[in-house]
Amino acid sequence: MTYDIAFVGTGPEPDNPVWGESAAMAYRHAEGYRERDDCRIVAAADIVRENVEAFAAEFDIDDAGTFEDYETMLDAADPDIVSVSTPVPTHADIVLDCIESGVPDAIHCEKPMATTWGDARLMAQEASRRDVQLTFNHQRRFSPVWREPKRTLEEGAIGDLRRVEVGTSTLLDNGTHHIDLAHMYAGEAPVEWVIGQVDYREEHVKYGAHNENQGLVQWEYADGTQGIATTGFGEDGVGVHHRLHGTDGVIEVTPWSETQARVRRDGEGWEPLVSGVENAAAVPPAIDHVVECLRDGVEPEFSARRALSVTEVIFAAWESARRRGRVDLPLRIDDNPLEAMVESGELTPEPADEG
């Protein structure tokens, strides 16, 4: 079987990125599909005509397959898989429109899920109800930098996992990757509660969504494993992207040092696990996973259900800051607590310094 692939949101070409607005992820997705014999890129839509034309030229899409309106594209191209790479506030509407169209069998959307908890829940709910495979691009799960520590953990190198520490720039933008990876290391165990605090003194809007300047978050999985994250100015409090504390040792995962992942068994020195792997190398295997799970009818590792668990921790951390107390899950709100605190004046970030 050959799968017809369409794109919503191509963005500018990769050699002309716009920080905080486009990372040209559609191009990265397309490179993964192009490498597969069972995928054919047939259409793309972008509200900026020159962007979609450049994308079409790169991936050999006919003029008849280029659109400025994605709903027209869905009707005309009838794709099997749709990749969505648009600003975060648009994810929910586009994904829901794609689901309701009844056209694609699968939708692969860039992270994070959405800018409100209600929208994130609705996307997952409707995809499940309409039997559409919905995934979010937590592609780092497929990088050896993070995969090898998971294998080492499962082999029992550090005993039983007791705590996962996360250091990352923001909770929503970058932290969605790292909390997803924390969940992977914790065996996808459900999260019971979250407590957090944030500082937001300078406006930081990335891909259309607010992100805190500094945060401290703790959570607990159902099996008692603890999670902790430091973000922004405080990310050096952990000092690595992930530190896995077990009963018999420690694993560190970080792209900030020469050794990108290493293990220390109790009573021994550090042993390197993997190094020198670029994050971008994880996108093609992530695309492979999307296609192969659709073909085989199995739940993807970065399914909407799993992405929802990640998003719940993020919004629960902001809700904890709003409530000034611990939040027991499930999270029973619909909005975005950080955004709501900005709109109400409870948080008053200064305009970002454009210089």
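The legends below describe close-up views of a predicted model.

**Figure 1. Overall view of the chain, with 10 helices and 17 strands.**
The chain has a radius of gyration of 20 Å, close to the 20 Å that the globule rule gives for 355 residues, so the chain is as compact as a globular protein of that length. The C-alpha trace spans about 65 × 50 × 45 Å along its principal axes. Of the 355 residues, 59% are buried. Among contacts between residues at least 6 apart in sequence, 67% join residues at least 24 apart.

**Figure 2. Surroundings of helix H1, residues 25-34.**
Helix H1 is largely enclosed by the rest of the structure, because 7 of its 10 residues are buried. The buried residues of H1 are Met 25, Ala 26, Tyr 27, His 29, Ala 30, Gly 32 and Tyr 33. They pack against elements from several parts of the sequence: strand E1 (3-8), strand E2 (39-45), H2, strand E4 (81-84), E5 and helix H8 (283-296).

**Figure 3. Packing of helix H1 on helix H2.**
The axes of H1 (residues 25-34) and H2 (residues 49-58) are 11 Å apart and meet at an angle of about 25°. At that angle H1 is roughly parallel to H2. The crossing of H1 past H2 is right-handed. On the H1 side the contact is made by Ala 26, Tyr 27, Ala 30 and Arg 34, and on the H2 side by Asn 51, Ala 54, Phe 55 and Glu 58. By class, these residues are 5 nonpolar, 1 polar and 2 charged.

**Figure 4. Packing of helix H5 on helix H9.**
The axes of H5 and H9 (residues 304-323) cross at roughly 170° and come within 10 Å of each other. H5 is therefore roughly antiparallel to H9. H5 contributes Trp 117, Ala 120, Arg 121 and Ala 124 to the contact, while H9 contributes Ala 304, Leu 308, Thr 311, Glu 312 and Phe 315. The contact of H5 with H9 is made up of 6 nonpolar, 1 polar and 2 charged residues.

**Figure 5. The loop between H2 and strand E3, with Asp 60 and Asp 63.**
Asp 60 lies in this loop and has a phi near 55°, which is a positive value in a residue other than glycine. Its relative accessible area is 65%, so Asp 60 counts as exposed. Asp 63 is placed in the loop between H2 and strand E3 (66-67) as well. With a relative accessible area of 69%, Asp 63 is also exposed, the cut-off for that class being over 50%. Between the C-alpha atoms of Asp 63 and Pro 351 the distance is 42 Å, and the two residues are 288 apart in sequence.

**Figure 6. The cis peptide bonds at Pro 112 and Pro 330.**
The peptide bond from Lys 111 to Pro 112 is cis, with omega near -10°. Pro 112 sits in the loop between strand E5 (106-109) and helix H5 (117-129). Leu 329 and Pro 330 are likewise joined by a cis peptide bond, with omega about 15°. Pro 330 sits in the loop between strand E17 (327-328) and helix H10 (337-344).

**Figure 7. Glu 188 in the loop between H7 and E8.**
Glu 188 is found between helix H7 (175-185) and strand E8 (191-199). Phi of Glu 188 is near 60°, a positive value in a residue that is not glycine. The relative accessibility of Glu 188 is 28%, so this residue counts as partly exposed.

How values were computed
Residues are numbered from 1 along each chain as its sequence is written. This is a predicted model: local features need pLDDT of at least 70, side-chain atom pairs count only at pLDDT 80 or more; totals for chains, interfaces and linings use all residues. Side-chain values use heavy atoms; hydrogens and water are left out. Axes are lines fitted to C-alpha atoms, for helices over the stretch in contact, and angles run from 0 to 180 degrees between N-to-C directions. Helices (H or I, at least four residues) and strands (E, at least two) are DSSP runs, numbered from the N terminus. Angles under 35 degrees count as roughly parallel, over 145 as roughly antiparallel, 65 to 115 as roughly perpendicular and the rest as oblique. A crossing is left-handed if the near helix is turned anticlockwise from the far one by less than a right angle, and right-handed if clockwise. Contact means heavy atoms within 4.5 Å. Ala, Val, Leu, Ile, Met, Phe, Trp, Tyr, Cys and Pro count as nonpolar, Asp, Glu, Lys and Arg as charged, and the others, Gly among them, as polar. Buried means under 20% relative accessible area, exposed over 50%, partly exposed in between (1.4 Å probe, protein chains only). The radius of gyration is taken over C-alpha atoms; the globule rule is 2.2 Å times the number of residues to the power 0.38.
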